[in-house]
Amino acid sequence: MRSLWIVACVAGLAIGTACSESAGSRAVDTSASSTTLTVERAPSTTSAPPAPLPNEQAAERYLAIVEPYDVALEALEQAVNGGQPVEALQTQAAAVAVANDTHMQELQATAWPADVQPAVDELVAESEQAQTYWLQASQAQTRDALIAAAVSAGEHDGGVAADAIRSVLGLGEYNEDDYS
């Protein structure tokens, strides 16, 4: 496929050069012998995917991935409950959006045990849906609009998937006091 692309580019360049010459100012030599371009493929650099983490390591990895998000979420909740001004709430909501984006990337980049992967996929899908609302919350101009966006994000909290992950990995139930 790559060699066809290169041949097409070389041919396009030759045609483009010939077509760009002004009429009559230069003749194109069609008697020249044709040159064949041979491109060898580089050796494949792909490797086998990493082996899934053992459950104990997966449990540690999961907690490390979700902790920044859980901490940011709890800080936003405390700021709302504490009556902080909308500017402070926007900053906290932006921190939640950043943490959510990071945790989605890290969840996807980790080789999870087979019995955990479907729940991780579900959690990522829910987090992707929530992200739109976290970004809206970070830009909300009023306290009510910010809270409405945060509530909408909360409808996609992935709680069922997170509970399944925690159960399979032997982590026990989520406790928000762990992050306040």
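**Exercise 1.** State the accessible surface of the protein chain and the share that belongs to carbon and sulfur atoms.

Solution. The accessible surface (Shrake-Rupley method, 1.4 Å probe) of the protein chain is about 11600 Å². Carbon and sulfur atoms account for 55% of that surface. The model is predicted, and local features need pLDDT of at least 70, while side-chain atom pairs count only at pLDDT 80 or more and totals for chains, interfaces and linings use all residues. Residues are numbered from 1 along each chain, and side-chain values use heavy atoms, without hydrogens and water.

**Exercise 2.** Describe the geometry of helix α4.

Solution. Step one: α4 covers residues 117-139, 23 residues. Helices here are DSSP runs (H or I, at least four residues), numbered from the N terminus. Step two: from first to last C-alpha, α4 reaches 33 Å, close to the 33 Å expected at 1.5 Å a residue; the expected span is 1.5 Å times one less than the number of residues. Step three: α4 bends by about 30 degrees at alanine 130, as the angle between axes fitted to the seven residues ending there and the seven starting there.

**Exercise 3.** Find which residues of α4 are buried and what they pack against.

Solution. Buried means under 20% relative accessible area (1.4 Å probe, protein chains only). Among the buried residues of α4 are Leu123, Ser127, Ala130, Trp134 and Ala137. An α-helix has 3.6 residues a turn, so residues three or four places apart point the same way. The buried residues of α4 pack against α2 (55-81), α3 (86-109), α5 (143-154) and α6 (159-168).

Note on methods: Helices (H or I, at least four residues) and strands (E, at least two) are DSSP runs, numbered from the N terminus. Buried means under 20% relative accessible area, exposed over 50%, partly exposed in between (1.4 Å probe, protein chains only). Contact means heavy atoms within 4.5 Å.
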